[in-house]
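Dear colleague,

Please find the structure below, together with its sequence. My notes on what was found follow it.

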Amino acid sequence: MIRKQLLRAAGAAALLLAAGSASAHPGHGVASLAEGLAHPFGLDHLLAMVAVGLWSAAALPRERQWQGPLAFLLAMSAGAALGLAGVSPTFTEAGIAAGVAVFGVMLAFARRIAPGAGLALIAGAAALHGVAHGAELPAGASVAGYAFGFLATTALLHGGGLAAGLALRERGARLWQLMGASFGLAGLALLARL
């Protein structure tokens, strides 16, 4: 049974890696609501959003599960402001990929990570996502529609991860370890592709 679950998790991770680019940030439009709605379906962003929702369901008390997604959205917005202001560290893309691997570790050990530490890790990864998106916007571009679409889809992906996490919350630790390993391996593969 566990071997079958491990094979499924590894297969899902391989399909996700084959489906998209390691770096979803350069080379896409940033001028419209539709482009903002579509962008979070890039592989690095998709994995991060779902992982944040899953971790929030597994690690946070029910009345605080909204804090993981909110921390991500706020920190990503702050990071975007930094990116718009010209801040763009050379490690941004590597940090985003590493964030997916970190989220894998967080999932594998969800109930052993202090909520404050988990939320801080989420905020750090989110800030890097925001910096990447803020830095890619052309000077003087109107970003309102793109930003709204981007935040809306990000929130929906968080919600999907949260719903899945709630459905799986009471499953054994082995399932969470397998999911964590899948996300961790995907993050390492994203790093290797940079």
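Helices (H or I, at least four residues) and strands (E, at least two) are DSSP runs, numbered from the N terminus. The model is a predicted one: local features need pLDDT of at least 70, side-chain atom pairs count only at pLDDT 80 or more, and totals for chains, interfaces and linings use all residues. Residues are numbered from 1 along each chain as its sequence is written, and side-chain values use heavy atoms, with hydrogens and water left out.

The protein chain contains 8 helices and 0 strands. Of its 194 residues, 46% count as buried (buried means under 20% relative accessible area, exposed over 50%, partly exposed in between, with a 1.4 Å probe and protein chains only). Among contacts (heavy atoms within 4.5 Å) between residues at least 6 apart in sequence, 84% join residues at least 24 apart.

Let us turn to the interior. In soluble globular proteins, nonpolar side chains tend to be buried together. A nonpolar core is a set of buried Ala, Val, Leu, Ile, Met, Phe, Trp, Tyr and Cys residues joined through side-chain atoms within 4.5 Å. The largest such core here has 37 residues, and those with the most contacts inside it are Leu47, Trp55, Phe72, Phe103, Leu107 and Ile122. Two or more residues come from each of helix 3 (43-59), helix 4 (67-84), helix 5 (92-108), helix 6 (115-136), helix 7 (144-168) and helix 8 (173-192). Helix 3 gives the most, with 11 residues. Leaving aside residues up to four places away in sequence, Ile122 touches Val52, Trp55, Gly68, Ala71, Phe72, Phe103 and Met106.

How do helix 3 and helix 7 pack? Their axes are 7 Å apart, at an angle of about 45° (axes are lines fitted to C-alpha atoms, for helices over the stretch in contact, and angles run from 0 to 180 degrees between N-to-C directions). Helix 3 and helix 7 are therefore oblique to each other; angles under 35 degrees count as roughly parallel, over 145 as roughly antiparallel, 65 to 115 as roughly perpendicular and the rest as oblique. Among the residues that meet are His45, Leu46 and Met49 in helix 3, with Phe150, Thr154 and Leu157 among those in helix 7.

Finally, Ala114 lies in the loop between helix 5 and helix 6. Ala114 counts as partly exposed because its relative accessibility is 46%. The C-alpha atoms of Ala114 and Ala59 are separated by 8.3 Å, although these residues are 55 apart along the chain.

Yours sincerely
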